[in-house]
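Subject: Structure handover and notes on helix packing

Dear colleague,

I am passing on the structure below, together with notes on what was found in it. Please read the notes alongside the coordinates.

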Amino acid sequence: MSAIDEATLWDRLANARRIPLNPTWLGEIFSPSLSDELRFAVAERLGMLAETGWPIIRTLIQQHGIQPELIHAAGLCHQPEAKDWLLTQLNQSNDPDAFLLNALSCWGAELTYSDFQHILQLPSQAQRLAGLNLLSFKSHQLQANELLQLCESTLQDWRDPVVIACIRLLQRRDDIAISTRLSILVQEGSDAVAEAALRALGCMATTHSKMALKSLSVELTNQERREQAVRQLQQQY
């Protein structure tokens, strides 16, 4: 499609509040020949149309195959059939990409423990971050030790963003085992990870986290981290 035609389509999408978009029209203009950005924009609009958008999304998948923008749209529409389709894609893939995992995010509570064992072992940073986001919808159903077991591979990840995302997930729980694991990260993690773990212990503000901070404020050999522990502890009182 020419740049002029794409500009016209962008204008039409921008005026959607004034002139509502017809899902059939969106399905007709969707084409692999569109620019990546415009394909995602059209698919996103279809996803936002919920129950009227899903039949069009399903048809486009049949016509053009399983494309990232259509996976994204399926997740956005929040329809039971779309959820079932996405879960089928997950079960059929040994290496689900981040688009699929992110599309499933609001249905994370329906994934099984074994699903998360596999997802959180996936290699890329994007996959692991998407997996942790999924786990945030499931974590309230798990015991603290189960949650820690699932998270261990991400807590040992060499990439700080993955470890920090996991810390933010764990800090929502009041449990001595979690406070203890965060304390170990303060001692053994990178500077960024240690700071995040100390902040997490401070945010938890529980009996267990206060005890952990008190111990760290005395036992840490790294002066900067020890001072950070003291500051977090002082904020508890």
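I begin with helix H11, which covers residues 160-170 and in which Val 162, Val 163, Ile 164, Cys 166, Ile 167, Leu 169 and Leu 170 are buried, where buried means under 20% relative accessible area, exposed means over 50% and partly exposed lies in between, with a 1.4 Å probe and protein chains only. The cover over these buried residues of H11 includes helix H9 (125-135), helix H10 (144-155), helix H12 (176-188) and helix H13 (191-204). Helices here are DSSP runs of H or I with at least four residues, strands are runs of E with at least two, and both are numbered from the N terminus; contact means heavy atoms within 4.5 Å.

As to provenance, this is a predicted model, in which local features need pLDDT of at least 70 and side-chain atom pairs count only at pLDDT 80 or more, while totals for chains, interfaces and linings use all residues. Residues are numbered from 1 along each chain as its sequence is written, and side-chain values use heavy atoms, with hydrogens and water left out.

Overall fold

The protein has 15 helices and zero strands. Its radius of gyration, at 22 Å, is well over the 18 Å that the globule rule gives for 237 residues, so the protein is more spread out than a compact globule; the radius is taken over C-alpha atoms, and the rule is 2.2 Å times the number of residues to the power 0.38. Along its principal axes, the C-alpha trace spans about 65 × 35 × 30 Å. Of the 237 residues, 48% are buried, and among contacts with a separation of 6 or more, 59% are between residues 24 or more positions apart.

Packing around H11 and H13

The axes of H11 and H13 come within 9 Å and cross at roughly 10 degrees, where axes are lines fitted to C-alpha atoms, for helices over the stretch in contact, and angles run from 0 to 180 degrees between N-to-C directions. H11 and H13 are therefore roughly parallel to each other, on a scale where angles under 35 degrees count as roughly parallel, over 145 as roughly antiparallel, 65 to 115 as roughly perpendicular and the rest as oblique. To this contact H11 brings Asp 160, Val 163, Ile 164 and Ile 167, and H13 brings Ala 192, Val 193, Ala 196, Ala 197 and Ala 200. By class, the residues of the contact of H11 with H13 are eight nonpolar, no polar and one charged, with Ala, Val, Leu, Ile, Met, Phe, Trp, Tyr, Cys and Pro counted as nonpolar, Asp, Glu, Lys and Arg as charged, and the others, Gly among them, as polar.

H13 also packs against helix H14 (residues 207-219), with axes that come within 8 Å and cross at roughly 135 degrees, which makes H13 oblique to H14. The residues that make this contact are Leu 198, Leu 201, Gly 202 and Met 204 of H13, and Ser 209, Ala 212, Leu 213 and Leu 216 of H14. Six of the residues in the contact of H13 with H14 are nonpolar, two are polar and none is charged.

Leu 198, in helix H13, counts as buried at 1% relative accessibility. Neighbours within four places in sequence aside, Leu 198 is in contact with Val 186, Leu 213, Leu 216, Arg 225, Gln 228, Ala 229 and Gln 232. The C-alpha atoms of Leu 198 and Ser 183 are separated by 7.7 Å, although the two residues are 15 apart along the chain.

In H9, the buried residues are Gln 127, Arg 128, Ala 130, Gly 131, Leu 132, Leu 134 and Leu 135, and what covers them includes helix H7 (98-103), helix H8 (113-119), H10 and H11. Ser 139 lies in the loop between H9 and H10 and is buried, with a relative accessible area of 8%. Beyond four places in sequence, Ser 139 is in contact with Leu 147, Leu 169 and Arg 173.

Two further buried sites

Gly 27, in helix H2 (residues 23-29), is buried with a relative accessible area of 14%, and touches Ile 56 and Leu 60 when residues up to four places away are not counted. Lys 83, in helix H6 (residues 80-91), counts as buried at 15% relative accessibility; leaving aside neighbours within four places in sequence, Lys 83 is in contact with Leu 104, Trp 107 and Glu 110.
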